[in-house]
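I want to go through the contacts one at a time.

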Amino acid sequence: MTATMLDTPHTAAQAAEAAGCPYHRRAAPPPAPTQTTVELGADGVWRISGYREVRQILRNEATHQAGFMSEMVGRTAGMMKRLPVLFMEGEEHRALRNESGKFFTPNAVDKNYRDMIDTLSEDLIAKLHAKRRVDLAELTKTLAVQVAAQIIGLTDSAVPGLPARIAGILENAAAAAQPGANPIWSGLKMNAGVLAFFYLDVKPSLQKRRKSPQNDLFSYLISLGYTDIELLTEAIVFGVAGMATTREFISVAAWHILERPELREIMVNGDDDARYNLLSEILRVEPVVGDLYRRAKTDITLNTAHGVVTIPAGAKMQLSVVGGNADASVVGEAPDAVCPARPMAEMK
């Protein structure tokens, strides 16, 4: 047994090296072995893990959001004229996503925020040099919150402490999701955190932008007639959730780059294309969102490697981003390895 336990990672490392890729352990757990890429669990949830199958569901308009606090949003939907962009569907979703997305494109960030990002990054690195060590979670929180706040328009808090209030919302949400959590106490803590975020951070920023619009997401949504509760919901979607995923990706990318000299060389001396290829490959191996959830509005027919499968209307689906990204039929050998020059199968 001891030999088998020791040989398993060594064999994986050899497979990765044979494919021309540096081997890495993963922050995201590898997908559990399955007999097929589409399986119905004992809990009634359909688990979908193949790249082609996951893509079919994500491109199918006969589904709606079943994750990202969709139940909580459903309870407040009656107070809003429009749902957050994450929960919109069809043409309305595409139109708003295209318009609001212009604040987050690489070109827009490079043009409008590169100087600010460079200055902030240099300041953080200077503090690291001075202290000789840093808590990477805190460093990434500072960077992600300040950059996202500029893009969204969360720049006029009544009192300092925006990063801590955002972290509190995330911690309360995680605690509420734990088995055995007291729903009343969890709800009170969550509501208190959201109200503090609204009155201390969101509302002062909205007041300023209603008087003097700026080139940010809040100003754009205000021009569309968004109400305060709708803007708060978007701030949570783009701000709280967006900042969390950003800092997680910075942390895991730093882990890979610091661990492997050949990857560090790309980030230090490579051109922009080489750096983006590396970061894209790390994101493939280490997706910050491991699973997505959808619910079928009508019967859905999936073409799989094992035949045709019909998912009935009303069924909940768990889409494995980790599994889809590690589909060897698409990404090739050693799918759990980070390989910036990896050739991908052409998908139609």
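How do α6 and α10 lie to each other, oblique or roughly parallel? I find them oblique, therefore neither parallel nor antiparallel by the cut-offs (under 35 degrees is roughly parallel, over 145 roughly antiparallel, 65 to 115 roughly perpendicular, the rest oblique).

Before going on, I note that this is a predicted model, where local features need pLDDT of at least 70, side-chain atom pairs need 80 or more, and totals for chains, interfaces and linings use all residues. Residues are numbered from 1 along each chain as its sequence is written, and side-chain values use heavy atoms, without hydrogens and water.

Entry 1: α6 and α10.
I looked up the axes of α6 (residues 136-152) and α10 (residues 228-259): they come within 8 Å and cross at roughly 135 degrees. Axes are lines fitted to C-alpha atoms, for helices over the stretch in contact, and angles run from 0 to 180 degrees between N-to-C directions. Helices are DSSP runs of H or I with at least four residues, strands are E runs of at least two, and both are numbered from the N terminus. α6 passes α10 in a right-handed crossing (near helix turned clockwise from the far one by less than a right angle; anticlockwise is left-handed). On α6, the contact includes L136, L143, V145 and I152. On α10, F238, M243 and I250 are among the residues involved. Contact means heavy atoms within 4.5 Å. I get twelve nonpolar, four polar and three charged residues there. Ala, Val, Leu, Ile, Met, Phe, Trp, Tyr, Cys and Pro count as nonpolar, Asp, Glu, Lys and Arg as charged, the others, Gly among them, as polar.

Entry 2: α11 and α12.
I checked α11 (residues 261-269) against α12 (residues 272-285): the angle is about 140 degrees, with the axes 8 Å apart. This crossing is left-handed. L263, I266, M267 and V268 of α11 meet A274, R275, L278 and L279 of α12. By class I find seven nonpolar, no polar and one charged residues.

Entry 3: the sheet.
I traced an open sheet of five strands, order β1-β2-β7-β4-β3, with mixed pairing. Strands pair if DSSP finds at least two bridges between them. β1 (38-40) and β3 (63-65) are at the edges with a single partner strand each, so one side of each has no neighbour in the sheet. The twist averages 30 degrees from one strand to the next. β4 (residues 291-296) and β7 (residues 316-320) run antiparallel, joined by five bridges. I picked out R294, whose bridge partner in β7 is M317. α2 (residues 51-58) lies across β1, β2, β3, β4 and β7, at about 130 degrees to β7.
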